[in-house]
Amino acid sequence: EQPCLIGGKKKVLKTSLVCDLALSLGTGTPFLGHFAVPQRTTVAVISGESGAFTLQETAKRIAHSRGLMLSTANVLWGFDLPQLANRDHLRALEGLIKNQGVGACIIDPAYLALLSGDTQGRQASNVFDMGPLLREFGDVGRETGCTMILVHHVKKSTENAVPELEDLAFAGFAEWAREWLLIGRRQRYEP
């Protein structure tokens, strides 16, 4: 029930990792085949970056490789990202979580959802603008008992380094997250 971030540079398989996480939580099977899942829960994955076909194909491939039936996983797949700066969208997301008994809600990616619908001219680089938005998103999780997960990118200047929490792009994310998975190469890529 703590806010979570999954972060990394572009094209490090963040969305594929999200699919494995969702299937693990939705079936009560080990995450990445290694990390125990204490209990099965319903997961909502709302993605706006890869497209429905790509995400569904990835989920099917991962389920097949793990010997799972995608149709038996407690995973709700959505492709219309909520506007997290819009309170009506947050309330609708809260309603979905309550009505479907969602235990983990994954929004992928943060940059397409967070300031979408903003009418106040907030800036992603301003921690005083981002903090309240992230808090309100996290509040949905606290009010519903759901773990709220944002998928995010690291700054371009750190793309070839081992990622650290402070490498996440824009303001407030490192301060907001209480749990996180940072994905990156252990060594610089040599073509």
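Predicted model: local features only at pLDDT ≥ 70, side-chain atom pairs only at ≥ 80, totals over all residues.
Cys19 is another buried cysteine, at 0% relative accessibility. Its sulfur lies 14 Å from the closest cysteine sulfur, that of Cys105, and this is again too far for a bond. A disulfide needs its two sulfur atoms within 2.5 Å, and by this rule the model has zero disulfides.

Now look inside the protein. The largest nonpolar core has 31 residues, and Cys105, Phe137, Leu150 and Phe173 have the most contacts within it. Which elements each supply at least two residues of this core? They are β2 (42–47), α3 (87–100), β4, α4, α5, β5 and α6 (173–176). The largest share, five residues, comes from α5.

Leaving aside neighbours within four places in sequence, Phe173 is in contact with Leu5, Ala110, Leu114, Met130, Leu134, Leu150, His152 and Leu168.

The largest pocket holds about 410 Å³ of space. It is lined by 17 residues, and those closest to its centre are Leu21, Leu25, Thr147, Ile149 and Glu179. Two or more lining residues come from each of α1 (14–27), β4 (102–108), β5 (147–153) and β6 (179–183), with β6 giving the largest share, three residues. Sorted by class, this lining has twelve nonpolar, four polar and one charged residues.

The second largest pocket has a volume of about 300 Å³. Of its 14 lining residues, Lys11, Lys14, Thr15, Glu49 and Ser50 are the closest to the centre. At least two lining residues come from each of α1, α2 (52–65) and β5, and α1 provides the largest share, three residues. What classes do these lining residues fall into? Three are nonpolar, six are polar and five are charged.

## A buried arginine

Arg122 lies in the loop between α4 (110–113) and α5 (127–144). Is it buried or exposed? With a relative accessible area of 15%, Arg122 is buried, because buried means under 20%.

Once its neighbours within four places in sequence are set aside, Arg122 is in contact with Ala85, Leu115, Asp129 and Leu133.

Most residues other than glycine have a negative phi, and most peptide bonds are trans. A few places in this model are worth a look with that in mind. Asp108 and Pro109 are joined by a cis peptide bond, with omega of about 0°. Pro109 is in the loop between β4 and α4.

Leu13 is not a glycine, yet it has a positive phi of about 75°. Leu13 sits in the loop between β1 (4–8) and α1 and counts as exposed at 59% relative accessibility. Leu32 also has a positive phi, of about 55°, although it is not a glycine. You will find Leu32 in the loop between α1 and β2, where it is partly exposed, with a relative accessible area of 47%.

Note on methods. Residues numbered from 1 in each chain as written. Heavy atoms only, no water. Helix = DSSP H or I, 4+ residues; strand = E, 2+ residues; numbered from the N terminus. Buried < 20%, exposed > 50% of the residue type's maximum accessible area, 1.4 Å probe, protein only. Contact = heavy atoms within 4.5 Å. 1 Å grid on protein atoms, 1.4 Å probe; cavity = no way out; pocket = protein on both sides within 12 Å on 5 of 7 lines; lining within 4 Å. Points joined across faces, edges and corners; volume = space filled by probe spheres on them. Nonpolar A, V, L, I, M, F, W, Y, C, P; charged D, E, K, R; others polar. Core = buried A, V, L, I, M, F, W, Y, C linked by side-chain atoms within 4.5 Å.
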